[in-house]
2 protein chains.
Amino acid sequence: MTIEVFEKLLAQRQYKAIKTIFDTMNPVDTAALLPEFEDKQTVLLFRLITKENAAAVFTYLEPEQQQVLLEAFTDTELKLIMDDMFIDDTVDIIEEMPANVVERMLSAAGDKREAINSILNYPEDSAGSIMTLEYVSFSPSMTIGDALKKIKSTGIHSETVNICYVVEKHKLLGFVTAMDLLTCDDDELISDVMDENSVSVTTLADKEEVAQLFNKYDMVSIPVVDKENCMVGIVTFDDAIDVIQEEAEEDFQKMAAIAPTDKPYLRISVWELWKGRIPWLILLMLSATFTGMIISSFEDALSKLVVLTAFIPMIMGTGGNSGSQASVTVIRGLSLGEVDVKDVFRVMWKEFRVSILCGISLALACFVKIIVVDKLLLGTPGVSDNVALVVSLTLCVTVICAKFIGCILPIAAKRLKLDPAVMASPFITTIVDAVSLFVYFGIAKILIPQL
Amino acid sequence: MTIEVFEKLLAQRQYKAIKTIFDTMNPVDTAALLPEFEDKQTVLLFRLITKENAAAVFTYLEPEQQQVLLEAFTDTELKLIMDDMFIDDTVDIIEEMPANVVERMLSAAGDKREAINSILNYPEDSAGSIMTLEYVSFSPSMTIGDALKKIKSTGIHSETVNICYVVEKHKLLGFVTAMDLLTCDDDELISDVMDENSVSVTTLADKEEVAQLFNKYDMVSIPVVDKENCMVGIVTFDDAIDVIQEEAEEDFQKMAAIAPTDKPYLRISVWELWKGRIPWLILLMLSATFTGMIISSFEDALSKLVVLTAFIPMIMGTGGNSGSQASVTVIRGLSLGEVDVKDVFRVMWKEFRVSILCGISLALACFVKIIVVDKLLLGTPGVSDNVALVVSLTLCVTVICAKFIGCILPIAAKRLKLDPAVMASPFITTIVDAVSLFVYFGIAKILIPQL
């Protein structure tokens, strides 16, 4: 359905037709459509959505439109929406709203208010902050028939019945699946049907680790328990997908030296993009002062044999690329839980051997290239066998240093409880640049007598 | 449970104890444990796993162990495992096995053989290749009671009953959830209960787009239909999580100039790591020949004013970082479906304004830094106001060019049906390096009379 159609229908005041169209649309698509209109029209259009879909559409809107609507809602409208929204979604919205809107939302929350406040109190990246309190629980002594009755009376308000949890005196014992409920006989006991191998997380577990558990165990939801193994909520797979996606995007942005944002590119203002990018650019530019100083200090050597300058970009570039390869591999390994801080020596030993192989191959390729292309083909003045040797040796040593720095810094960052991703390409490149210049001029002074 | 415990129990032939321990473990954890043992022990241990868990454990094993077991299995054992495995998992395993093992597996597949072959025939990255054929379907004229009976008789073999599909003459009409089945009355008609707003994909849809649909619509499974809207299978959320994760890792690796692999870091051999990294390193090293040639061609200017060399790494580095920022942002925007090829002018206009802001800020910071640090504080010989002006102007122009190249190349790649991620940092840096040198020497020749 195109925007033009809605604009025409709005202009003709064909509200009933709009209502009918909204009825056939998926709430996600309706939510994607609304931001294309002006605030006044958005409010008008939103009021044409049927009651059953309103809360879902509202949940999927961008914070800007949610705020517009919240400010336009009457108290009754606000109450209706809040009643139909899941608690975890409500919390997500509250976290984006200004104080006066939050106050109105909380006072309309009714009996959900306490639950909302408890989730708001968990630390930002914890399992508690992304969990929902709406789940179905049974006691082990219930029969399947009892369980079915309980779902019929209360289940409709739960985010998922795909997995129901078995709880006794608040302690988590196991789970039963919708499949169990649908296929077992009514008089079977929950305790006989339930699966005890339940994976659970504590309220304070890191949300990224929780998301990785979904990936590992292929579960639809994971129970969240407190320190005493008492059940407090569940995290559902859709939140886990969001976390996996968000964390990957954050790593991408940090690796490209951009301050992380979760807004879609086309919605970010030019000003915000600039603010996210300029601090790192300036920092990295200033840190290049050191490379400049190193070059200046070898000015004598350079003025005697200017051709040495021509190889600086190639050496720095290859060093930087080698370092990034190692750092990105290790950073992602750490993020996915495939590599741990305690594996540091295994990683170093592996990268050392890889770097020797890469260093030697690159040095050979480089030596041949300089002799064949630069000396014989192009006849670049000043290129001698000695220069080729110096450049190739430098390349080999630089690659070994770069891979070492690239693998060690992310692990060190993790050890210091920093995000390993900040140790990514741009940062490592700056260090590798300085190292490679020292190696270059050091080897040149030894092997070329005239310097 | 530590490996040592199992080793001791194995040495003491306490097989019953091992059986009991396996019984309490999640199949995923059992599968993670087996690769720690020698092949012979792995086979022995696997035979101690109860029949109900064997297929699940087998599914989660690494291909190496799967092959060891498949070669050790008797025909009866193979048949038992194959009967209990889901078809999509079986296909995943078959794709990793050598021809002789595949042959044995297919001949043990029985009535699943045709289904396996049909999935194997879909293109590698298509929805068809990751779907499963095991789903529950109802006709619209059935009652909830009929549906429950159908699930009790056949549902146990389906990968999920969380969403069941409504199909008439093979055409997909809609879906009912486990929640509907559990809460509606037995005499209600499926056609009255079902939800018609069903999101579906075709068998040939790109699996990455399918995964993004899960992220967008928060569904547990998505139906796969052929060109005539006839239902052929479903993709489940766990496969979608795998795809999201895999595609992100592939992008990370391409951005770091590494050939993609999906093996965990600590399991990849040194040789494989080298093979994945060296081609790009050599290619990028050789392409740096051009930067070398550009520098050589300006050798006269450089020998007259050696201090110009000192700023080359800073200019190239900042240009490279600016370009990566733009390219990574656009590459991820394309991957997540936030940016499309048709948005090319919006992207260019946005990046142009950002690049002007970044360029001016960096030029100002750079000018002040050169005057204060290099000229006044360090007194580096040759640094004049003119040199500071040349470097700052170059920086501004380079940043603008870099952001332009960084945003345009990934979109161009997408337009040419190439993967935008290959246009990432290392590739763009190489181009930006060459551009920045031309700009640098060009501006220097104009503004510094002695050159």
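Helix 8 (residues 87-94) of chain B packs against helix 10 (residues 113-120) of chain B, with the axes 10 Å apart and at an angle of about 60 degrees. That angle makes helix 8 of chain B oblique to helix 10 of chain B. The model is a predicted one.

The crossing of helix 8 of chain B with helix 10 of chain B is right-handed. Helix 8 of chain B brings B:I87, B:T90, B:V91 and B:I94 to the contact. Helix 10 of chain B answers with B:A115, B:I116, B:I119 and B:L120. By class, this contact of helix 8 with helix 10 of chain B holds 7 nonpolar residues, 1 polar residue and no charged ones.

Helix 5 (residues 51-60) of chain B crosses helix 7 (residues 75-84) of chain B at roughly 80 degrees, and their axes come within 9 Å. The two count as roughly perpendicular, because angles of 65 to 115 degrees fall in that class. On the helix 5 side of chain B, the contact uses B:K51, B:A54, B:A55 and B:F58. On the helix 7 side of chain B, B:L80, B:I81 and B:D84 take part. The residues of this contact of helix 5 with helix 7 of chain B are 5 nonpolar, no polar and 2 charged.

The class counts for both contacts are set out here.

| Contact in chain B | Nonpolar | Polar | Charged |
|---|---|---|---|
| Helix 8 with helix 10 | 7 residues | 1 residue | no residues |

Next, the strands. Chain B has an open sheet of 3 strands in the order 1-2-3, with mixed pairing. Strand 1 (137-138) and strand 3 (171-177) of chain B are the edge strands. Each has a single partner strand, so one side of each is left without a neighbour in the sheet. Strand 2 (residues 163-168) of chain B runs antiparallel to strand 3 of chain B, and 6 bridges join the two. Within the sheet, B:E168 stands opposite B:K171 of strand 3 of chain B.

Note on methods:
Residues numbered from 1 in each chain as written. Chains lettered and ligands numbered in written order. Predicted model: local features only at pLDDT ≥ 70, side-chain atom pairs only at ≥ 80, totals over all residues. Heavy atoms only, no water. Pairing = 2+ DSSP bridges. Helix = DSSP H or I, 4+ residues; strand = E, 2+ residues; numbered from the N terminus. Axes fitted to C-alpha atoms, helices over the stretch in contact; angles between N-to-C directions. Parallel < 35°, antiparallel > 145°, perpendicular 65-115°, else oblique. Contact = heavy atoms within 4.5 Å. Nonpolar A, V, L, I, M, F, W, Y, C, P; charged D, E, K, R; others polar. Left-handed = near helix turned anticlockwise from the far one by under 90°.
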